[in-house]
Amino acid sequence: MITTNFNNGTLEVYKNGQCIISQPFKPTSTGQQPNWENEAEALEWWNSIKEPYEYEPPPIELTKESSTPSTEGAQ
Amino acid sequence: MALIARSRIGNRYPSLWVDPDPTKNRVFIDTYAYDLTTLAPRANEQFMWQDRRGIFNTNSSTFNNPDAFTPIQTGFMDANAWADGHQTEHAKIGIFDLWQCSLDYQNYKPTRIWRTAQNRILCTYPRLADTNYQYMDWWMGFDMSKKSQAYIFQSEMSLAYLFEHVDSRNFNATSWSYSTTTITVNLNNHGLYYGDRITVTGAVMTSGTNAPNGEYIITQATDANSFQFTVGTAPTGTAAGTMNIVCTTRRAWGFRHKASSSAYTNGGMSFDMIQGYDYLLGDNNGSGYGMFKGQAGASRPYTLNETNEGGQKFFIGKDTANTYAYVVHVNTASTGVTSQTGDSPYVIKRYLLTTGQATATTVLAATKPTGTMLVNTITMCPSNLRIDSASRRVFYSSHYRSTDQAPMRFVVDIEAGTAVATQCSLTYPSGTTYATYATVPTSSSYGIYGYNTWWSKPHQWTQSGVRYITFCTHDKYFWASTARFPTRLARTWLTFTIGASTGDDILTFHSAITFENASDFPLSWMPYTQTGEKLVIVSTTNTSVWTFTPTNQTATSWNFSTSGSVSTVTVTLANHGYKVGDRITTSGTTATSNTPNGTYQVLSVPSTSTFTFNCDTNNTGVITGTAGGTMSVRSGWQQTFASGIRARGYGVDSLGRLWVGTATTGIGNTEIHLLKENTPYKIVINFQNPVASSVNTFEYTGSTTSTNILVSAYNISGSRMATKLTLTIKSGNMTFTGSFLSLNVTTSAAGDISVPVIITGPGQVLISTTTVA
């Protein structure tokens with residue numbers, strides 16, 4: 001689940017409780033880093049890029065292919 | 001060149017691994033160990049991806065039998081030139097061409113084999129990929145020729161290792177509790193993991209005893225916000241006090257590939273890290289500590305699943321405080337941002353290293369040149385980095401517009417956290433344009449998600465105080481499909497000088513090289529020297545070294561004569577210094593049509609002040625009209641070594657040696673070659689005074705006779721070369737002066753060298769030659 005938090009001028013995006021984006025300024029293609037005008041502006045930026053982040057890969061089996069594990073000879 | 005080994009063992013991991021433990025100084029070739037420096041065999045030392053019993057680890061994956069890719073894993077500079085399709089999954093960016101993942105390859109070399117700070121060796125190997133995951137095999141141990149500590153088959157964790165981040169943590173827990181002997185500590189984003197050794201102070205037991213202060217090992221990293229450790233004697237009473245934790249934790253950071261499907265949402269590369277790798281235990285044990293787990297929910301070695309951003313990523317560097325890593329992200333395709341598809345916009349991000357979470361901040365939003373872009377044709381990758389100062393790191397894009405090259409300059413200050421993009425200004429010699437020398441690639445079989453086996457990448461370097469940049473292209477599948485680079489103009493690399501100081505957004509055309517024949521066009525390339533003035537280029541028929549030797553001269557005069565469909569241009573230029581086969585770039589000439597401005601190869605050198613080249617339908621065409629104008633003659637990249645070997649995997653080790661893995665030409669599956677620039681292709685030895693009928697026959701008249709043998713060495717182009725040889729007389733009928741049977745000599749690029757010998761008897765003379773390093 002993805003949630004957002006706008007705090008002290010920084011937009012934070014959390015995915016499954018983990019902060020994946022911390023954006024304290026408005027990113028631009030010129031290199032300027034102006035402050036967010038407000039939370040709405042930050043959320044508008046997030047909405048424009050969020051689609052890839054919403055993807056959830058399917059669960060996998062931890063062991064796709066196995067050999068005979070050994071319990072002997074460990075260093 | 002030297003054929004070092006043919007594979008003797010099938011169904012095994014790559015043919016060559018250099019042990020990252022410097023105390024071992026060894027290389028494993030076809031599993032067997034050799035001294036890295038001398039290549040002397042090391043008895044009873046073998047790396048065969050052995051398990052915890054030390055048993056040869058066979059596996060069922062056809063890919064791991066490296067017939068096709070023959071990867072070379074020097075851990076220094078490694079690349080690969082093989083693809084068997086337009087979108088071969090392991091031919092994409094960053095699987096085997098690891099050096100390209102780091103723009104600062106001199107200081108940060110991405111590897112698939114590394115040694116941790118705690119002296120473990122970790123090896124990774126691409127296995128296969130499906131639509132959701134790129135799977136890797138892993139091996140970990142203390143000594144590559146002893147039993148492993150763990151191995152993993154087909155983990156969804158992949159990592160092109162960049163650096164190990166050691167993070168010292170000192171924090172007060174927000175709360176803590178206990179259940180018998182298990183202590184649970186809570187702090188958001190604690191960043192610690194299983195195996196980390198902690199020092200605990202400040203815990204107090206209210207109305208009880210046995211406060212858990214002391215040194216402990218974390219036994220469970222429950223999640224990103226809590227962890228557990230175990231004490232010997234259970235506390236009693238109520239947990240209280242402010243628990244302080246001091247710890248050193250280690251994380252290996254690098255790039256992870258997500259899948260073969262390459263869709264924006266589940267493919268591409270992520271900047272990622274693993275923890276707990278020093279504590280891998282058990283062979284392929286998914287329920288214990290033998291596997292990486294993609295989330296922190298269990299106490300197993302942990303991979304951080306960084307966000308699914310897709311695209312290609314390239315490492316820029318870290319700030320001096322080791323707080324942030326900077327990465328340039330090249331968008332390839334998107335399910336939701338279609339305007340960014342296929343023209344490689346660049347985004348620069350920084351990632352926080354210190355909290356155990358790769359929290360991303362976008363420093364520079366998507367940017368690309370103005371004008372009509374070339375789309376869905378080629379992935380346009382960034383150049384390597386030039387570090388002007390701690391606060392000024394510069395790289396260039398390889399953006400193409402629809403009809404020309406339109407690079408951008410990126411200046412990154414990783415201390416201040418800023419980046420600025422500027423479109424470069426390109427200038428060409430008077431009367432010429434980009435189209436005079438080159439043309440853009442052609443769209444063909446482009447996979448819209450950008451995982452193609454061809455891409456562009458500039459190469460910049462500084463030589464004798466001058467900054468240069470060459471815009472390089474390659475196509476790993478070119479041996480089977482020439483569609484992307486179908487013409488000689490499309491197979492041309494342009495080199496520019498870069499403006500001085502901060503005027504480095506001004507690029508001035510210097511010279512160009514055209515790969516005239518399709519078989520010459522690069523399947524892959526890589527810097528041969530760390531200073532950048534030499535490249536390794538692999539083509540369909542050759543593995544070669546190219547050296548940048550800049551010249552820029554003005555001809556005294558030029559004229560031409562036409563015979564049939566060929567115009568031969570004769571250039572008069574005192575002390576021109578060119579030799580047959582040299583690549584030259586001309587400009588400034590005038591004629592009625594097909595003026596000889598462009599890229600050519602020297603055809604003949606009648607004198608030190610004249611040379612010729614041909615114009616025909618293969619290049620600019622037959623010249624008409626009157627020769628006019630002032631010809632400027634420039635040169636840059638020249639092929640200085642050729643082997644005739646078709647590399648698949650190749651690499652340059654820390655000693656500067658070029659290793660090449662090839663498909664076999666004889667028995668076995670693969671071959672390993674060691675190439676050196678000074679190794680001749682052919683050595684010729686003749687008698688100085690032979691009989692008239694044969695240079696190889698000397699008339700022995702029955703008594704000891706003094707004479708000379710003539711020794712010469714040639715490269716694959718047939719040019720003489722200077723190289724050191726050891727000559728050893730194997731027959732009993734001749735000696736060198738002083739009765740020696742072995743002699744070191746140095747051949748000459750100018751002509752034969754004479755070596756005195758004494759003939760002592762009749763019969764066949766046998767001389768062996770060995771190249772001396």
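Two strands count as paired if DSSP finds at least two bridges between them. Keep that in mind, and take one example. In chain B, Thr492(B) stands opposite Thr514(B) in β37(B). Strands here are DSSP runs of E, at least two residues long, and helices are runs of H or I, at least four residues long, all numbered from the N terminus.

Some housekeeping. This is a predicted model, where local features need pLDDT of at least 70, side-chain atom pairs count only at pLDDT 80 or more, and totals for chains, interfaces and linings use all residues. Residues are numbered from 1 along each chain as its sequence is written, while chains are lettered from A and ligands numbered from 1 in the order in which they are written.

Chain A to begin. Chain A has one helix and three strands. Along the sequence the pattern reads β-β-β-α. How much of chain A is buried? Of its 75 residues, 13% count as buried. Buried means that 20 or more other C-beta atoms lie within 10 Å of the residue's own; exposed means 12 or fewer; partly exposed is in between, and the C-beta atoms are placed from the backbone. Now contacts. Two residues are in contact if their C-beta atoms, placed from the backbone, lie within 7 Å. Among chain A contacts between residues at least 6 apart in sequence, 31% join residues at least 24 apart.

One residue to look at in chain A is Asn16(A). Asn16(A) sits in the loop between β2 (10-15) and β3 (18-23) of chain A. It has 15 other C-beta atoms within 10 Å, so it is partly exposed. Asn16(A) and Pro52(A) are 36 residues apart in sequence, and their C-alpha atoms are 15 Å apart in space.

On to chain B. Chain B holds one helix and 57 strands. Its radius of gyration is 30 Å, close to the 28 Å that the globule rule gives for 773 residues, so chain B is as compact as a globular protein of that length. That radius is taken over C-alpha atoms, and the rule is 2.2 Å times the number of residues to the power 0.38. Along the principal axes, the C-alpha atoms fill a box of roughly 110 × 70 × 45 Å. Of the 773 residues, 52% count as buried. For contacts in chain B with a separation of 6 or more, residues 24 or more positions apart account for 62%.

Domains next. Chain B is divided into domain 1 (551-640) and domain 2 (682-771). Those bounds come from an automatic or database domain assignment. The C-alpha centres of the two lie 40 Å apart.

Now the sheets. Six strands of chain B form an open sheet, in the order β28-β34-β35-β36-β37-β33, with mixed pairing. The edge strands are β28 (379-380) and β33 (425-427), each pairing on one side only. Within this sheet, seven bridges join β36 (residues 492-498) to β37 (residues 506-514), and the two run antiparallel. That is where our opening pair sits: Thr492(B) opposite Thr514(B).

A second open sheet in chain B has four strands, in the order β41-β42-β46-β45, with antiparallel pairing. Which strands stand at the edges? They are β41 (557-563) and β45 (604-607); each has a single partner strand, so one side of each is left without a neighbour in the sheet. The twist averages 25° from one strand to the next. Angles run from 0 to 180 degrees between N-to-C directions, with axes as lines fitted to C-alpha atoms, for helices over the stretch in contact. Two bridges join β45(B) to β46 (residues 610-616), running antiparallel. There, Ser607(B) has Thr610(B) as its bridge partner.

Next, strand β30 (residues 392-396) of chain B. Why is it largely enclosed by the rest of the structure? Because four of its five residues are buried. β29 (residues 386-389) pairs with β30(B) in the antiparallel sense over three bridges. The two form a hairpin with two residues between them. Ile387(B) stands opposite Arg393(B). β30(B) is also joined by four bridges to β31 (residues 408-413), again antiparallel. Phe395(B) has Phe410(B) as its bridge partner in β31(B).

Last, two loop residues. Most residues other than glycine have a negative phi. Trp49(B) has a positive phi of about 55°. It lies in the loop between β5 (41-46) and β6 (72-73) of chain B. With 22 C-beta neighbours inside 10 Å, Trp49(B) counts as buried. Thr180(B) has a positive phi too, near 50°. Its loop is between β13 (175-179) and β14 (182-186) of chain B. Thr180(B) is exposed, with 10 other C-beta atoms within 10 Å.
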